[in-house]
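Please look over the sequence and the structure shown here before reading on.

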Amino acid sequence: MIHYTIYENPESAQWVTFVHGAGGSSSIWFKQIRDFQKQYNVLLLDLRGHGASNPTLKAAFKQKYTFSALANDILEVLDYLKIHKSHFVGISLGTILIRQLAEMYPSRVESMILGGAILKMNFRSQILMKLGNIFKYVMPYLVLYRFFAFVIMPKKNHKKSRVLFINEAKKLYQKEFIKWFKLTAEINPILKYFRQIELDIPTLYVMGQEDYMFLPSVKKVVESHYKSSTLIVISNCGHVVNVEQPNVFNEQVLKFIGGLK
């Protein structure tokens, strides 16, 4: 089972589960814990090979990674903790896992909050994937990861996010990075399906105004998924919205979840 951390609120029966992106860990949510625990029980996850899940999943390293398998990792924790239903907050690739979980087990998902959501790989991100596939076996993964981080988060005000994710990525193994990178082979078909199918689950997209790689496609999807989806764009902010603008992020997400009661 992947590693998890819980922060309980004895006055609440509701749970908020946080899912980080590739190369990160549950530590990226440190600016969310206090505000969310005031109102909800909080569950933080470390995905396979990330954070504290590194030493506990040696057997899983031998398995092929798929979005379905990674979503089932999340479900396993929910079942173990007897959490029947939860709100889910994700960032970057974590948003894909939340959406995958919602496809497979919609009754377990109270709402989806998708920060820095990835719904389509644009031309630049497609080039990044091709370069990664070419060099993933011959170049140290951290060199590739630093390059990706600068392309996705290029501005001066994105530096905090870049540094945080690069420092977390240092804890990965080369083989682990390759297994996660191989997920890109199935990312285009699954994202195309997500763009076409609207789920009957309240969904909030929280995007940075400067998230030039992923914001345009999210805007288009929200226009067509208007029954269940809402978009908030944070100004002066890049891809990792919860790190760059934590106060605005927390306020908007808590307002959204609170309005669902």
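The sections below cover the model, the sheet, one of its strands and the nonpolar cores.

## Model and overall make-up

This is a predicted model, in which local features need pLDDT of at least 70 and side-chain atom pairs count only at pLDDT 80 or more, while totals for chains, interfaces and linings use all residues. Residues are numbered from 1 along each chain as its sequence is written, and side-chain values use heavy atoms, with hydrogens and water left out.

The chain has 11 helices and seven strands, taken as DSSP runs numbered from the N terminus (helices H or I, at least four residues; strands E, at least two). Of its 261 residues, 56% count as buried, meaning under 20% relative accessible area with a 1.4 Å probe and protein chains only, whereas exposed means over 50% and partly exposed lies in between.

## The sheet

An open sheet of seven strands has the order S1-S3-S2-S4-S5-S6-S7, with mixed pairing; two strands pair if DSSP finds at least two bridges between them. The edge strands, each pairing on one side only, are S1 (4-7) and S7 (229-234). S1 and S3 run antiparallel and are joined by four bridges, and Ile6 stands opposite Leu43 in S3.

In S6, six of its six residues are buried. Thr203, Tyr205 and Met207 point one way from this strand, while Leu204, Val206 and Gly208 point the other way.

S6 runs parallel to S5, to which four bridges join it, and Val206 in S6 is the bridge partner of Gly115. S6 also runs parallel to S7, with six bridges between them, and there Tyr205 stands opposite Leu231. The chain passes from S6 through H9 to S7 in a right-handed β-α-β crossover, that is, with the strands pointing away from the viewer, the path from the first strand over the helix to the second runs clockwise.

## Nonpolar cores

A nonpolar core is a set of buried Ala, Val, Leu, Ile, Met, Phe, Trp, Tyr and Cys residues joined through side-chain atoms within 4.5 Å. The largest such core has 45 residues, of which Val19, Phe88, Ile96, Leu97, Met112, Leu191 and Tyr205 touch the most other members. Among the elements that give two or more residues to this core are strand S2 (15-19), helix H3 (93-104) and strand S6 (203-208), while H2 gives the most, with seven residues. Apart from this core lies another, of 27 residues, among them Trp29, Tyr40, Ile113 and Leu164.
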